[in-house]
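Here is a walk through one protein structure. Keep the sequence and the 3D view side by side as you read.

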Amino acid sequence: MNESFFHVKRLTEGFDVRGKAHCALGHQIARESGNPDGIYVEWNWDGKCLTARNDRYGMFPVFYYSRDGEFAISSSIDQLLNAGASPELDETALSVFFRLGFFIGDDTPFRHIRALPPAATLSWDGELRLERATRARGAPSRGESRTSALDTYNELFRRSMTRRAPSDANFAVPLSGGRDSRHILFELLRQGHKPGRCITALHFPPRGNEDARIATMLTQEFGLKHDIIPQSGSFYTAEAAKNLLTSYCTDEHAWYLETVSNIRARERVVYDGIAGDVLSQSVFLTEERLRLFQTASAKEIATQLLSKAERKLSNLLTPQLYRSTSLELAVTHLEKEVKTHLDSPNPVGSFFFWNRTRREIALVPYGLLGDVPTVYAPFLDHDLYDFLTGLPVEMLVDHTFHTDTISRAYPEYAGLPYEDKGKRADSPDFMLLHAEFGRKVAKRLLLRPSSRLINKRFALPRAVRTLFSSAFSASTHWYSPLALYLDQLDIASRR
């Protein structure tokens with residue numbers, strides 16, 4: 001992960017500076033007018049003023065803090081904490097994170113550290129100024145038929161891929177059993193670009209490895225090199241590393257760390273399918289949830305999104321932390337964010353795109369893979385995004401729009417199956433994995449009984465029992481990943 005960093009402090013005369021005074025991360029694609037396409041962030045210190053800007057979606061994860069004549073910006077929250085940023089926790093932000101698994105808006109776990117907003121222009125010369133552009137909302141639908149919309153999708157996607165032709169012949173395509181990476185691969189091949197290899201990661205159980213089975217079928221169909229990356233380390237080690245590498249901002253992605261190491265060592269150009277699902281065939285867009293977003297109040301929507309984790313939180317968090325990160329506080333905070341999406345053509349997609357996709361999913365291609373010079377995101381092409389976000393939501397709610405788009409563009413391959421996400425790994429592997437995880441978390445908590453965030457009356461007796469019973473250790477999987485996260489967050493907040 002690229003941990004670019006810059007720190008400046010105003011002195012009586014002049015400034016004290018550390019880190020990269022000039023930094024450009026990600027990639028830019030020039031447009032005939034307006035800001036560049038692509039996913040990027042850049043900053044520049046000219047000796048008197050720091051200026052920073054980023055892409056229209058704010059997908060590249062970069063964080064900053066500013067206080068008392070001091071400013072720092074980095075792709076790593078740990079870097080900011082090491083530089084002296086206040087470690088005070090943001091209990092309002094955490095109240096939502098504990099229940100959703102991702103942060104919303106520009107929140108982070110720390111009150112004085114913020115994520116750089118989408119399409120932002122930031123400047124600091126002793127005083128902070130932050131300009132936020134209006135959130136990209138897409139173009140209103142022209143009332144075209146579904147068939148016409150499928151054709152427009154294909155045409156705009158082809159243009160997007162043309163603008164993102166590989167600059168290095170040895171490029172890679174991470175390939176799953178789903179639609180986004182398949183669409184990318186098919187169009188690359190149609191345009192005459194054969195990847196150096198396709199890559200598929202195996203999952204930790206209980207999720208099965210349908211991805212690898214389906215991806216193998218695709219690569220054999222086209223005679224492509226296919227590397228399947230196994231999980232060679234422990235789930236605990238991966239989860240602990242992921243929490244640090246993603247700046248404590250997600251409960252996902254531990255399974256991808258082996259693939260990250262493999263890609264970073266070999267490729268300079270990678271294609272990622274980020275946002276293809278949420279824009280055109282999202283599992284989050286159900287008829288029930290759409291009715292909720294169309295008919296209920298923002299408060300009712302927020303309550304429905306959040307009311308799933310109370311038992312875990314009430315048991316595991318200290319009583320004080322549970323009160324200060326209450327469900328009521330989370331609903332109030334999330335309600336404000338939900339309101340900003342209710343007038344979108346697809347309010348469900350808009351909410352999940354600007355929050356889960358931007359703040360959690362982007363942590364893989366532009367966080368964990370931040371050292372890779374170019375990670376193309378074809379579904380985030382400005383023209384394609386504007387088209388998809390303007391479509392009537394009724395075209396998308398049956399979950400066939402992207403499938404039909406691919407079948408229409410490449411009919412000769414329409415019979416190739418997609419991943420069955422319902423298939424799970426064998427339960428013995430699941431039990432062994434989580435028994436080991438539970439034991440390691442238990443040992444950690446017993447060696448650090450002074451955590452300010454974990455309820456010792458709940459956690460410590462169970463930690464002792466975990467050491468003597470593999471079955472009980474495996475049964476702690478419902479709370480042990482959060483316990484690990486809380487312990488790591490507690491360490492970070494003591495700096």
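The paragraphs below go from an annotated span to a helix, some backbone features, the cavities and the cysteines. Keep in mind that this is a predicted model.

Start with the annotation. UniProt, in an unreviewed entry, places the feature "domain: Asparagine synthetase" at residues 153-234. In the model, 43% of that span is helix and 15% is strand. Its end C-alpha atoms lie 41 Å apart.

Now move to helix α21, residues 480-492. This helix has 13 residues. From its first C-alpha to its last it reaches 19 Å. That is close to the 18 Å expected at 1.5 Å a residue. Is α21 enclosed or open to the outside? The helix is largely enclosed by the rest of the structure, because 11 of its 13 residues are buried. Among the buried ones are S480, L482, Y485, D487, Q488 and A492.

Next, look at the backbone. Which residues are joined by a cis peptide bond? They are P205 and P206, and omega is about 20° there. P206 is found in the loop between β12 (197-201) and α5 (210-222).

Another loop, between α6 (235-245) and α7 (257-264), holds S247. Y248 lies in the loop between α6 and α7 too. S247 is not a glycine, yet its phi is positive, about 55°. Y248 also has a positive phi, near 60°, in a residue other than glycine. Are these residues buried or exposed? S247 counts as buried at 1% relative accessibility. Y248 is buried as well, with a relative accessible area of 1%.

How many cavities of 30 Å³ or more does a search of the whole structure find? The search finds seven. The largest cavity contains about 180 Å³ of space. It is lined by 17 residues, and the closest to its centre are N346, G349, S350, Y385 and T389.

Where does this lining come from? Three helices each supply at least two of its residues: α8 (276-280), α14 (347-359) and α16 (382-389). Helix α14 gives the largest share, four residues. By class, the lining of the largest cavity has nine nonpolar residues, six polar ones and two charged ones.

Finish with the cysteines. A disulfide is a covalent bond between the sulfur atoms of two cysteines. How many disulfides does a search of the whole structure find? The search finds zero. C49 shows why: the closest cysteine sulfur, in C23, is 16 Å from its own sulfur, too far for a bond. Pairing at that distance is ruled out because a disulfide needs the two sulfur atoms within 2.5 Å. C49 is buried, with a relative accessible area of 19%. The cut-off for buried is under 20%. C198 is buried too, and its relative accessible area is 0%.

Conventions:
Residues are numbered from 1 along each chain as its sequence is written. This is a predicted model: local features need pLDDT of at least 70, side-chain atom pairs count only at pLDDT 80 or more; totals for chains, interfaces and linings use all residues. Side-chain values use heavy atoms; hydrogens and water are left out. Buried means under 20% relative accessible area, exposed over 50%, partly exposed in between (1.4 Å probe, protein chains only). On a 1 Å grid over the protein atoms alone, a cavity is a set of points where a 1.4 Å probe fits but cannot get out, and a pocket is an open set with protein on both sides within 12 Å along at least five of seven lines; lining residues have an atom within 4 Å of a point. Grid points are joined across faces, edges and corners, and a volume is the space filled by probe spheres set on the points. Ala, Val, Leu, Ile, Met, Phe, Trp, Tyr, Cys and Pro count as nonpolar, Asp, Glu, Lys and Arg as charged, and the others, Gly among them, as polar. The expected span of a helix is 1.5 Å times one less than its number of residues. UniProt positions are given in the numbering used here, feature names are shortened, and annotations may be inferred rather than shown by experiment.
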